[in-house]
Every structure is written in structure tokens, then in C-alpha cells.
Amino acid sequence: METKTGKSEKTIEKKHQDFLAADTDFEMRSLDAVCFNESELKHPWWYNFKYAFVGVLFGIVFVKAEIISWFRIQEMFKLQSFHMYGVIGSAVVVGVISVFIIRKFKIKTIYGEPIVFVTKNFNKGQVYGGLLFGLGWAITGACPGPLFAQIGTGATVIFITLLSAIAGTFVYGKFREKLPH
Amino acid sequence: MNLLELLKNPWPWYVAGPLIGLTVPTLLLIGNKTFGISSSLRHICAACLPTKIPYFSYDWKKEAWNLFFVAGIMLGGFIAAWLLQNPNPVAVNPGLVTELNQYGITDFNGMVPAQLFNWEVLFSVKGLLLMVGGGFLVGFGTRYAGGCTSGHSIMGLSNLQWPSLVATICFMAGGFIMANLILPFILKL
């Protein structure tokens, strides 16, 4: 019985891997493998509200811990405060432990799908793009997430910054083949 | 001190950091989603701009969860700012206060300095550099790097991906260069 379960689990895993490999867009997307949909289940669109709910909680933490504060970001880059280092550092520690537990106990999603982690390949974009993003981060005091939260707090002009960020993404997409990677 | 008061005061890093870290397993467990925010900008391009660029030709509806997520972040920002508003001004490092005073920044309320980021300043050289230039660098840089603070620094490092460590080091290097060497000149404008 036990071996049977083990086998069927392997089959599911294999099926899921095949699904990921068969997704023709996957390789293209995995080049910048951040945040794409790895689930093969089809759900009604309103299932997405659970992610909006997580987003709301996340946005509240952003504001209340002043992570989206332009002043806190300046303090971080001028080594005038430990706050941001503490936030990012402890977030990473909790993340590492969580991923370790999920892997070790092969925990599945609430729908019973195996959780798959994506390996990131190195390319020079992480250096060039990383430096450019760093420059922008210190100017705006925001990475993409905080931009949304800053607008929410009533700083309406940041909508322009967001539009500009979308334009930046578009320009990258347009000239991607010509950029060194 | 009652609970509401406790919530209204700024949350310390050792509360906020672990909560952000928990987003990683939460998104994985409720639907196999890899934490990341900057991709939402790409999905917006794919959804809103009619284009044949291959980079934006994919089924963005499959990634709609990410757009719900960032819409939630915006709503969360609204809720926190209007219902859980901190009664006291943001406690800013005195050294930074002195420095910013030189550039005429005296208002330390709110998440962004209202004297720098507002609709009037937007139409000046300084405003264009800060808001339009800064935003462009954020959007271009994150996509070029394949992720932002959430996708690389939190999710990537949680998964022990060394390219994410490289990216994070470059984020910080860029930030140090801008905040210490370039931004003072922009603020002087």
C-alpha cells in the first residue's frame, strides 16, 4: 500500500514536471523567473481574491513598519538606521526556514499540488539591472511593491512614478534582445 | 496601551520582517505562487498595451493573481494610512533631518516627503528626475535584473539562489551610490 502511494505521488510529480516543461512560454519566462503561475489547476477568477487579501495585509505591514517611507530608505543607504536591515534580514531568515520546512516535509498546497521551486540562472542582467534598480530605489524610496502602497496612502503623484516604472518595463521588453545578458 | 494604539504606532522590524517573510510560504501554500511584485508591471504591459513584442506576448490572465495581489497592497496602504494612522510624526534620524533641511525639506510627515513629491514639483527638472526618472529606473532595472526586492532579496534568498544574492548586492550598491553621491545634486536643483 505504502509503495503504491509513493508511486502515485511520483506520477503526480512527474506529470507536474511535464506540465512545466511543456509550457512553451516557460523557458522564456523562467529567464527572469519571478512570480509566475506554477499551478496547473484552473480556478474561477474570483479565487484570486485570496491573493488580494494577502496583498492587503502585506500593504498594511508596508505602511505600519514604514518600509515604504522615503526617509527610512535614505537612512538605510546612509547607514543611519538599522530598521530596514532588520526588516529584510528577518524576512529572509523566516523565508529560508519556511522553504526548508516545505522542502523537508514535502508539504503540498491546499489543493494537494506539489510545491515546485524555480532555480534562477545567472545572467549579467542581474548586475546591470540590479545597479539601475538600486539607483531608482534610492531616488523614489520605493521598490515596485511600495509604489502601490504609497499611492494607497494618498500620495497620488506617485501614480506618475508607477506609470514611468511601467514604461521602463516596456522599454526593457522592447530592447531586451539588444541588451547584454 | 490598548491594541488599537499598539497597531497605530510604528511596528518594529522584528514584527514586520517575519510577517513579510511569511508571505513566501503563504503564497506557495495557497496556490503555488512564487512571491514577487515587479512582474506585475510586466503583466500590466501585456494586458494594456497592444504589442507584438514577444516579451509581452503571453497569457497574462494566467498571472492575474499577481495583479490582485498588488491591488491588495494598494488597498492595504489606504487602510493603514486612514484607519491606523500614526498620531506622531515619523521619527527620522537627526543627521538626515539636518541634511534634508539644507535642501528645504522640513516636513517629515507621511511616507514620502510632500515637499519633493507633489504635482507642482513634478513639472520641474527636479521633479522629473525624481518621479519620472526614478520610476523608469525602477521599472527598467527590476525587469532587467529579473526581479526586485521581493522576488530576489526575499523569495530568491529564501530559496538560496546565488544569482539572487548577486542581484541583492547590486541593488544595495546602486542605492548607496545614488543616496550618497548623486541624490544630493538632484535635491539641490
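1. Where does Leu79(A) lie? Leu79(A) sits in the loop between H4 and H5 of chain A; helices (H or I, at least four residues) and strands (E, at least two) are DSSP runs, numbered from the N terminus. Its phi is positive, near 55°, and the residue is not a glycine. Leu79(A) counts as exposed because it has 12 C-beta neighbours inside 10 Å (buried: 20 or more other C-beta atoms within 10 Å of its own; exposed: 12 or fewer; partly exposed: in between; C-beta atoms are placed from the backbone).

2. This is a predicted model, in which local features need pLDDT of at least 70 and side-chain atom pairs count only at pLDDT 80 or more, while totals for chains, interfaces and linings use all residues. Residues are numbered from 1 along each chain as its sequence is written, and chains are lettered from A and ligands numbered from 1 in the order in which they are written.

3. Glu66(A) is in the loop between helix H3 (49-64) and H4 of chain A. This residue also has a positive phi, about 60°, without being a glycine. With 24 C-beta neighbours inside 10 Å, Glu66(A) counts as buried.

4. Helix H4 (residues 70-77) of chain A has eight of eight residues buried, so the rest of the structure largely encloses it. Among them are Trp70(A), Arg72(A) and Glu75(A). The buried residues pack against H5 (83-104) and H6 of chain A, and against H5 (94-102) and H9 (162-188) of chain B (contact: C-beta atoms, placed from the backbone, within 7 Å).

5. In H6(A), 14 of the 16 residues are buried. Gly141(A), with a positive phi near 70°, follows this helix.

Notes:
Contact = placed C-beta atoms within 7 Å.
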